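Dear colleague,

I am handing over the structure below, and I would be glad if you could look through it with the notes that come after it.

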Amino acid sequence: MNEKRAPGVTVTSLDFAGAVLAVVDDIPPGRVMTYGDVAAELGSRGARAVGRVMAMEGGSVPWWRVVRADGRPPSGHEDAALEHYRAERTPLRWLVQPHEPEYVEALAYRLDLAVARHL
């Protein structure tokens, strides 16, 4: 786990929200986990609960590293997340190429979970 936590503080000693944030904070640059992956890391099946924590408190951790199960970035944050993915060289899959008429950059990509998933 991340060295920034106080000595003696482990994921098991935190409440659910604190544990979610601790797991997300430990995802390395260029890697991602799904909401379900984060929940599973905590011994839970609560992917939606992870989503709620991220929506309410996720601004203090690398929120862009938690994605939907199909590789889509956090809803409503596609453009901001894309900047982070590019900076961290996170593997992406482009669904629509920039020269195609229906191209909208924020909606035209998914994270390549086969390569970028952190487990």
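The model is predicted, so to speak with care, local features need pLDDT of at least 70 and side-chain atom pairs count only at pLDDT 80 or more, while totals for chains, interfaces and linings use all residues. Residues are numbered from 1 along each chain as its sequence is written, and side-chain values use heavy atoms, with hydrogens and water left out.

Searching the whole structure gives three aromatic pairs (rings of Phe, Tyr and Trp, the last by its six-membered ring, with centres within 6.5 Å; planes under 30 degrees apart are stacked, over 60 edge-to-face, the rest tilted). In one of them, the ring centres of Trp 63 and Trp 64 are 5.5 Å apart with planes at 85°, which makes the pair edge-to-face, and both residues are buried (under 20% relative accessible area, with exposed over 50% and partly exposed in between, for a 1.4 Å probe and protein chains only).

Trp 94 and Tyr 109 form a tilted pair, because their centres lie 5.7 Å apart and their planes meet at 55°. This pair links distant parts of the chain, 15 residues apart, with Trp 94 in strand β3 (residues 92–94) and Tyr 109 in strand β4 (residues 109–111); strands are DSSP runs of E, at least two residues, numbered from the N terminus. Trp 94 is partly exposed at 32% relative accessible area, whereas Tyr 109 is buried at 0%. Together with Tyr 85, Trp 94 and Tyr 109 form one aromatic cluster.

Strand β4 also holds Arg 110.

With kind regards

Technical notes:
Helix = DSSP H or I, 4+ residues; strand = E, 2+ residues; numbered from the N terminus.
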